[in-house]
Amino acid sequence: MRRIALINQKGGVGKTTLTTNLGHALALAGQRVTVIDLDPQGQLASSYGLFRAPRKGIDQVLLQQQGITDVRQGIRDLLTLIPAGEKLQEIEYLQDGGATRARLLQQGLQGMSADQDFVLFDCPPSAGLLVANAIFAADEALIPLCADHMSLNGLIIMLKTLKKFEPYLSKPLTQWIALNRFFPRRKLSKDIAEKLHNHFPEQLLEIPIREAAAIAECPGVGRTIFEYKPNSQSAKEFKALADLLMNSAPALS
Ligand SMILES: Nc1ncnc2c1ncn2[C@@H]1O[C@H](COP(=O)(O)OP(=O)(O)OP(=O)(O)O)[C@@H](O)[C@H]1O
Ligand SMILES: [Mg+2]
């Protein structure tokens, strides 16, 4: 089972978009996938068409030690959602528990049967306790990035944040970088892609997701790109990115 945190403290880079569409792409490729919404904004559920926010979700697992199987729901073939739940924000204010506060998710996932191939965590745009929980529970981090200078600076900060966790992890997270909101004809996009290619050859997943109106329209209709525009360039890109991810398993240690 591969546990991948989609993580970037910068907002609006595509964490939720990639979780939604990669999750579905992997499921369409025959993988058993669970997507977990760790963002109190709770947008993952609506991205899949659940417009009435589920009241209970991963918040119950983290705050009430409820079993993870009680709060999951099948949303597509082979695809299971664990929504945020209305109390998720409270985890950021937990005072008790010391270091174990950051390991609640890791503990909660132990109750999950090992019959899943991928677990994707959609993280909030912060570096707080929810993200710390994702880092401890995951084996891999996928950092979505826009092709601009601010995002590049954000990446450096994100990598430093991940580095700070390393002494406390049993093994370092395998890191992936995915370019999103890419403009193939824009010089800046190409320059940033080249920089990433040169500096992070191992981490960069070389299938950029282009900026596309269809991708932006998907959450409004509660459908993934494979349902909304199955023959689009964007659907092809997400399928290719999912295939690349499936073939980029971290080395076993
Ligand atoms: N490739 C793309 N083309 C067009 N629009 C996109 C693309 N990727 C994301 N978007 C849009 O950009 C906005 C931000 O994306 P998204 O919500 O996935 O980012 P996020 O990193 O999850 O944000 P947050 O940090 O707030 O959780 C959304 O409206 C989404 O539909
Ligand atoms: Mg998001």
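Colleague: Which residues point one way from β6, and which the other way?
Modeller: E140, L142, P144 and C146 point one way, A141, I143 and L145 point the other way, and all are buried. Buried means under 20% relative accessible area, with exposed over 50% and partly exposed in between, using a 1.4 Å probe and protein chains only. This is a predicted model: local features need pLDDT of at least 70, side-chain atom pairs count only at pLDDT 80 or more, and totals for chains, interfaces and linings use all residues. Residues are numbered from 1 along each chain as its sequence is written, and side-chain values use heavy atoms, with hydrogens and water left out.

Colleague: Where does β6 run, and what does it pair with?
Modeller: Strand β6 covers residues 140-146. Strands (E, at least two residues) and helices (H or I, at least four) are DSSP runs, numbered from the N terminus. Three bridges join β6 to β1 (residues 2-6), and the two run parallel. Seven bridges join β6 to β7 (residues 174-180), also parallel. Strands pair if DSSP finds at least two bridges between them.

Colleague: Changing topic. How many aromatic pairs are there?
Modeller: One. F136 and F165 sit edge-to-face, 5.7 Å centre to centre with 75° between the planes. Ring centres of Phe, Tyr or Trp (its six-membered ring) must lie within 6.5 Å; planes under 30 degrees apart count as stacked, over 60 as edge-to-face and the rest as tilted.

Colleague: What does that pair tie together?
Modeller: F136 lies in helix α5 (residues 129-137) and F165 in helix α6 (residues 149-165), so the pair ties together parts that are 29 residues apart in sequence.

Colleague: What sits over the ring of F183?
Modeller: The charged end of R186, 3.9 Å from the ring centre. The cut-offs are NZ of Lys or CZ of Arg within 6 Å of the ring centre and within 35 degrees of the ring normal.

Note on methods
Chains are lettered from A and ligands numbered from 1 in the order in which they are written.
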